[in-house]
Amino acid sequence: MGKIAIVGCGAAGAFCGANLREMRPDLGITVFEAGRKPLAKVALTGGGRCNLTNDFSAIGSLAEAYPRGWRLMKRALKEFGPEDTCRWFRERGVRLVLQEDHRWFPASQDAAEIVRTLLRGLQGAEIRTGARIEDVSALLPEFDAVVVTTGGARDFSFLEPLGLEIVPAVPSLFTLSTDSPIRGLSGTAVTAIVGIAGTRFRAAGSVLITDWGFSGPAVLALSSYAARHLAETGYRGTLLVNWLGLSEEEARGKLSEMAAQNPHRQLSSVYPLPSRLWEFILGRCRLDASTRWGQMSPAALNRLASRLVADDYPITGKSRFREEFVTCGGVALGEIDPATMECRRHPGLYFAGEVLDIDAITGGFNLQAAWTAGYLAARAISRGVILP
């Protein structure tokens, strides 16, 4: 019997193993999981609901979803994409629902259903928990193929003897802390554009003000795009918020129109943003909320327009997003054959999941990368391992 080792029983490892069990039931599979439970992180994703994948219809280019690794993913998704992911889980009894934000979830809204489905697929494989591999190279003589799916890591010493190029890992997908009084508006959400001052990093979408700073899909996407830059600056800088998503000229036009239509009403009674946020921004512009729209000077209107499209807040650090943890960095993609996920330098060694230098914004894209790479590795192994 051929022997296959899978190092890591997260999304990529379990999916690789489950597919191998179907493709080649004659192979013996041993899964080494350092933690106490397999698929522990999958059980937490999507707030415990497991955002399986995304329909990708709102993505203009893959680089928007995958700041690192989009070229490899462009090729790989043609072999196993989101439609294939949905089909795979449906065929195993999981009903799925597509949300308006383009995210696929199990209809049960329970990540445990996904964990159970993957573990059923692994039946017949040996899963060793609490089994940390200190040196992957030591497994190569013992197994016909080894698949490394250890997820994001800071310490890649277990790969050092292989001599591979490793891109240093830094956190991705995090919220931003600030010491601004805007934290008093915790719970306020608005669609806006956020960016890092002095850079070209920008992201659009929902922004949530929290009691520590800023969160929401737009901020998480920004943290992904700017992950390395923010790590280099010690998570310090200036967050720019365009609350209206308009140019300054468009914002002036909008405010002028509001003034013309409501000359006798107070600034506090007609507003383009949630009321608490609007009054906070008026205060930052030194404008009295009781001033009537028709009494606002051109200079005050210009000042308000400028603030609405480039409101600046100090970034004083980062905060972890829920229980989820994503890193950018890992095994350099030049080490990998994108068609098979096999290591170019070490035949029989494969990589899948976040251990690779591939990471994505929130929305199901990271899990899709895990499913895709896990499937491609399983398919390659199923075709490549020839038993006597």
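Trainee: Which residues in H10 meet H11?
Mentor: This is a predicted model. In it, Trp278, Ile281, Leu282 and Arg284 of H10 contact Leu304, Arg307 and Leu308 of H11.
Trainee: And how many of the residues in that contact are nonpolar, polar or charged?
Mentor: The contact of H10 with H11 has five nonpolar and two charged residues, with no polar ones.
Trainee: At what angle do H10 and H11 pack?
Mentor: Helix H10, residues 275-284, and helix H11, residues 298-309, pack at about 120°, and their axes are 10 Å apart.
Trainee: Why are they called oblique to each other?
Mentor: Roughly perpendicular covers 65 to 115 degrees and roughly antiparallel means over 145. The angle is about 120°, and H10 and H11 are therefore oblique to each other.
Trainee: Is the crossing left-handed or right-handed?
Mentor: H10 passes H11 in a right-handed crossing.
Trainee: Changing topic: how much space lies in the second largest pocket?
Mentor: The second largest pocket holds about 410 Å³ of space. Its lining consists of 18 residues, and Ile59, Ala204, Pro217, Ile361 and Thr362 lie nearest its centre.
Trainee: Which elements give two or more residues to that lining?
Mentor: Those are strand S11 (202-209) and helix H7 (217-225). S11 provides the largest share, four residues.
Trainee: What is the lining like by class?
Mentor: The lining of the second largest pocket has nine nonpolar, six polar and three charged residues.

How values were computed
Residues numbered from 1 in each chain as written. Predicted model: local features only at pLDDT ≥ 70, side-chain atom pairs only at ≥ 80, totals over all residues. Heavy atoms only, no water. Axes fitted to C-alpha atoms, helices over the stretch in contact; angles between N-to-C directions. Parallel < 35°, antiparallel > 145°, perpendicular 65-115°, else oblique. Left-handed = near helix turned anticlockwise from the far one by under 90°. Contact = heavy atoms within 4.5 Å. Nonpolar A, V, L, I, M, F, W, Y, C, P; charged D, E, K, R; others polar. 1 Å grid on protein atoms, 1.4 Å probe; cavity = no way out; pocket = protein on both sides within 12 Å on 5 of 7 lines; lining within 4 Å. Points joined across faces, edges and corners; volume = space filled by probe spheres on them.
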